[in-house]
Each structure stands twice: as C-alpha cells, then as structure tokens.
Amino acid sequence: MQALWFNGQHEIEVKELMIPKLQQDELLVHVDACGVCGTDFHIYEGQAPSSIPVVLGHEYTGIILEMGSKFHNLKIGDKIAINPNIHCGYCEFCRKGKINLCSNLKALGVTLNGGMSQLSVVPVTQAYLLPNDFPYSKSVFAEPLSCCIHGINLAEILPGEKVLIIGAGTIGLLMLQLVQLRGASDVIVLDPIRFKRDMASSLNADHVFNPLIEDTLEKIIHLTYGGADTVIECVGNQVAGESALNLVRKGGKILIFGLSNNSDLIKVYMQTFFHKELTLKSSILNPYTFQSAVDLLVNNKINVEIFNPHPVLLNQDSVEKLFNRSDNKNIIKFMVTPNN
Ligand SMILES: [Zn+2]
Ligand SMILES: [Zn+2]
C-alpha cells in the first residue's frame, strides 16, 4: 500500500508500506479520503509533536475491508468515520472522564500511522458507522466537527448571546454553525481573507468584518454594546488572542481554540483581566463528541458542502505542493484521496 510518510521537519515521502497484520480488536480500512488539517501543517513545519516517522492524516473515512474478529455492529463493506484519538483508560485523567487529557494519548496520524494511506489499521473502538451512501467529502469533517463540539460545550453558549468568531477557516465556519444551533442572537465573524468572509456571509453570519480595516475593533465594540459575550479564537496566533481579550465584554468568556506555533505568546494586562471578570478557556480534541459530530453530519444539520474539499492525489509531487502551500488559492480545505 502507498502511504504518506512523515520523516521529520519538511520531509515527506510517498512510499510503499507493508500491510500490517490485524490484531483481534482491529479493522483494516480502505481509506476513501483524509482531510488535511492545520495540525498536519504544524507537524510538517516541526511546530507540533508527532512520532517520526509516521503516516500522517487524522481526519479520515473509509470502508472496512477486514476485521480482526467479529463485532456485532460492524461488517465488512461498512462505511466508517474514524476518531483518531485513542485514550488509555487507566491514567488519572481517563479515570475521571477527561479522556482528551489522557497521559498516554495516542493518535492515528500523529503518533500512530494514520489515514494518508491507501489502507489503514484502526482499533474498532475508533470506528463510527456511517450510512452506506454517505459521501466521503462530508464524512472527512467528522473529526474537526467533533473537536469544535467539545469547544462549544466548554464555552457554554446560551441562547441570545452575541458571539464573535475570530478566523473563518474550516474551524471558524464550523463554529459559526454550532453557535447558531445553540441560539446565539448575533454572530460576528472576523477574517482578513475575502472569500472566507463571503463563506461566513453565505452561512448567515450576522456581521462579517475584515480585521485589517482600521476601525473594525471599534465597530464591533459598538455593535455588541461593549464586546461579545463569548469570543471564539480560531486562528492560533498572538494578534487573534489579543483581539479576543479586547473584544470580549465584561463578564464574558473567551475560548482559545486555534493551534498556535511554539513561540506565540499573548500578553495581558492583569488589571484589564481583573476588571472584566473574564473566563478564559481552551479546548483540545474531542472527548465523547465524535458520535454527535457524525449525527449532525448525517442529519444535515451542519453545512459542509460549502467547503467543497479539494482532492489531492497520493503522489510525491501532489503532496509536496500541498504541504508547501503552493496551490491554495480560494481553497479552504484539502483532502488526500489515496485510492484515486
Ligand atoms: Zn485536525
Ligand atoms: Zn489515559
């Protein structure tokens, strides 16, 4: 089988790998598609930890080809989405239900071989059944959506809130829709890139702004009568983090969601923080939210057609272009289609 092997910073190689022998609790999956995520770029750039070498790709979906033993709810030929995050079940965090904080966390596509591969071995605990006619261009969003659901749950958005979303990439636009489902009265989206702002508008964001235009921050403060109830940061850099602190109202909440680089730092005036009585939260991974993500997708409650993920073939030339970002004009989401 062909797979995308990550050999260390800026080193990727499409090469033939042996098909591993299945353990009893594993499935062999024919990968239909694997979404490419900001985290993959961070790993490629040496800005996020991973095993080396490893097959990249943690947002994938496919068809069961073989099973290590019988499982009552799955059969060969079933279509599944894969939750890449595997917790140990025996550490202190797992024992208290915080499986995303597991001390021994493993993840397909990060520490174990993942989905940018024609075939993938997946523990059965990670497989989520999909309808057989469900398109892979939609199910690749199950993993990022599951992470967003966890974030939204932590942010505890209440009906009628004014919510500001900083960044209108895939994550920001998924957050936008989840915030709407929770009954926010006003959703404001900030992004410097025109086509992303247009996507936010077509998803019925109430207000869409370019942060690079001079009086944007004042406008948002004015529009929200002093700041947003909740700010969701979906960029992962200093400017976005500081904007979140400036644009949240007294008594408000900030959710830091974007993955930043190692060196990104936000400086906060302690007194501003004190006077505003703020709640600052962060969110990582997707504890017990993967099934909800699948259900929302299957029941068409989240528009992911709008992302129209751009297929990338699994060959050296195509993946190098992808990871060097040489060809991403007006494309919001890529997916590797290893069997095309
Ligand atoms: Zn991801
Ligand atoms: Zn654990």
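The protein chain has 11 helices and 18 strands. Its radius of gyration is 20 Å, close to the 20 Å that the globule rule gives for 340 residues, so the chain is as compact as a globular protein of that length. This is a predicted model. An assignment divides the chain into domain 1 and domain 2.

**Overall dimensions and packing**

- Taken along the principal axes, the C-alpha atoms of the protein chain fill a box of roughly 60 × 45 × 35 Å.
- Of the 340 residues in the chain, 46% are buried.
- Consider contacts between residues at least 6 apart in sequence: 71% of them join residues at least 24 apart.

**Domains**

- Domain 1 is built from two segments, 2-140 and 309-337.
- Domain 2 covers 146-282.
- The centres of the two domains, taken over C-alpha atoms, are separated by 29 Å.
- Where the domains meet, 9 residues of domain 1 are in contact with 9 residues of domain 2.
- On the domain 1 side of this contact, 6 residues are polar, 2 are nonpolar and 1 is charged.

**An open sheet and the helix across it**

- Strands E2, E1 and E4 form an open sheet of 3 strands, in the order E2-E1-E4.
- Pairing in this sheet is antiparallel.
- Strand E2 (11-16) and strand E4 (54-55) stand at the edges; each has a single partner strand, so one side of each is left without a neighbour in the sheet.
- Strand E1 (residues 2-8) pairs with E4 over 2 bridges, in the antiparallel sense.
- Phe 6 has Val 54, in E4, as its bridge partner.
- Helix H11 (residues 316-323) lies across E1 and E2.
- The angle between H11 and E2 is about 155°.

**Close-up: Thr 216**

- Thr 216 lies in helix H7, which spans residues 216-223.
- Leaving out residues up to four places away in sequence, Thr 216 touches Phe 209, Asn 210 and Pro 211.
- Leu 190 is 26 residues from Thr 216 along the chain, and their C-alpha atoms are separated by 9.1 Å.

Conventions
Residues are numbered from 1 along each chain as its sequence is written. Chains are lettered from A and ligands numbered from 1 in the order in which they are written. This is a predicted model: local features need pLDDT of at least 70, side-chain atom pairs count only at pLDDT 80 or more; totals for chains, interfaces and linings use all residues. Domain bounds come from an automatic or database domain assignment. Two residues are in contact if their C-beta atoms, placed from the backbone, lie within 7 Å. Ala, Val, Leu, Ile, Met, Phe, Trp, Tyr, Cys and Pro count as nonpolar, Asp, Glu, Lys and Arg as charged, and the others, Gly among them, as polar. Helices (H or I, at least four residues) and strands (E, at least two) are DSSP runs, numbered from the N terminus. Two strands pair if DSSP finds at least two bridges between them. Axes are lines fitted to C-alpha atoms, for helices over the stretch in contact, and angles run from 0 to 180 degrees between N-to-C directions. The radius of gyration is taken over C-alpha atoms; the globule rule is 2.2 Å times the number of residues to the power 0.38. A residue is buried if 20 or more other C-beta atoms lie within 10 Å of its own, exposed if 12 or fewer, and partly exposed in between; C-beta atoms are placed from the backbone.
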